[in-house]
Amino acid sequence: MLIGIASQIDDARHELQRLVDGSFGDVLRTIGVGRALQRTAGIGAQSVVVVTNDVEWLPDHVALVTYFACNEAIQNAMKHAGPAATIDVDIRLLDDQNGSRVEFSVADDGVGCDQGRLEAGHGIRALSHRLDEVGGTLVATSEPGCGTRLTGTIPVMR
């Protein structure tokens with residue numbers, strides 16, 4: 001088990017180095033947003049299930065924003081949902097009358113919290129602000145005993 005944890009830490013360290021040196025976009029192009037999220041989520045104790053639909057090709061900036069938004073939402077769920085929580089991530093590319101966009105959802109079945117407390121949290125406000133900067137949106141919902149769900153959209157310019 002310790003060898004597995006050491007390997008996960010080593011992988012995370014290498015991915016952080018790629019991010020710092022600007023080559024993380026290459027990683028996302030190679031393995032995809034879903035696999036990258038599954039790898040980083042594997043470090044936590046909670047079960048994380050990542051499902052992707054039609055997001056194999058995304059412009060680099062959209063892939064990066066999607067990855068970081070979902071990763072932050074996963075980290076928040078790992079921190080606040082409780083050790084027995086399951087975290088489900090769904091990422092899809094939609095093309096319709098509203099244009100092309102990535103829609104993602106990160107939901108947990110954990111302890112949840114009061115909606116006011118959720119909205120007052122610094123992490124949710126910062127994530128919402130980051131998505132707003134790229135023309136995206138974020139909706140966060142929670143209820144005590146019913147888990148938390150973050151749903152976001154990011155426009156895709158092709």
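Which residue in E5 is the bridge partner of Thr137? It's Thr153, and the views below show what sits around that spot. This is a predicted model, where local features need pLDDT of at least 70, side-chain atom pairs count only at pLDDT 80 or more, and totals for chains, interfaces and linings use all residues. Residues are numbered from 1 along each chain as its sequence is written, and side-chain values use heavy atoms, with hydrogens and water left out.

View 1. You'll find 5 helices and 5 strands in the protein chain, in the order α-α-β-α-β-β-α-α-β-β. Helices (H or I, at least four residues) and strands (E, at least two) are DSSP runs, numbered from the N terminus. Of the 158 residues, 42% count as buried; buried means under 20% relative accessible area, exposed over 50%, and partly exposed in between (1.4 Å probe, protein chains only). Among contacts with a separation of 6 or more, 67% come from residues 24 or more positions apart, a contact being heavy atoms within 4.5 Å.

View 2. Strand E4 (residues 137–142) runs antiparallel to E5, joined by 6 bridges; two strands pair if DSSP finds at least two bridges between them. The Thr137 and Thr153 partners belong to this pairing. There are 5 residues between the two strands of the hairpin, and Gly145 in the turn has a positive phi of about 80°.

View 3. E3 (residues 99–108) pairs with E5 (residues 148–155) in the antiparallel sense over 8 bridges. Look for Val102, whose bridge partner in E5 is Ile154, and for Arg101, which stands opposite Pro155. E3 also runs antiparallel to strand E2 (residues 86–96), with 10 bridges joining them, and Val89 has Val106 in E3 as its bridge partner. E2 and E3 make a hairpin with 2 residues between them. E3 is mostly covered, too: 8 of its 10 residues are buried.

**View 4. The largest nonpolar core.** A nonpolar core is a set of buried Ala, Val, Leu, Ile, Met, Phe, Trp, Tyr and Cys residues joined through side-chain atoms within 4.5 Å. The largest one here has 37 residues, and those with the most contacts inside it are Leu37, Leu58, Val89, Ile91 and Phe104. Elements giving two or more residues include helix H2 (24–41), strand E1 (47–53), helix H3 (60–80) and helix H5 (122–133). H3 gives the most, with 9 residues. Zoom in on Phe104: leaving aside residues up to four places away in sequence, the residues touched by Phe104 include Ala69, Cys70, Ile91, Leu131, Leu138 and Thr153.

View 5. A search of the whole structure turns up 1 aromatic pair. Tyr67 and Phe68 form that pair, edge-to-face, at 5.1 Å centre to centre with 75° between the planes. For the cut-offs, rings of Phe, Tyr and Trp (its six-membered ring) pair if their centres lie within 6.5 Å; planes under 30 degrees apart count as stacked, over 60 as edge-to-face and the rest as tilted. Tyr67 is buried at 4% relative accessible area, while Phe68 is partly exposed at 32%. Cys70 is buried at 0% relative accessibility, and Cys113 also counts as buried, at 13%. The whole-structure search finds 0 disulfides, meaning pairs of cysteine sulfur atoms within 2.5 Å.
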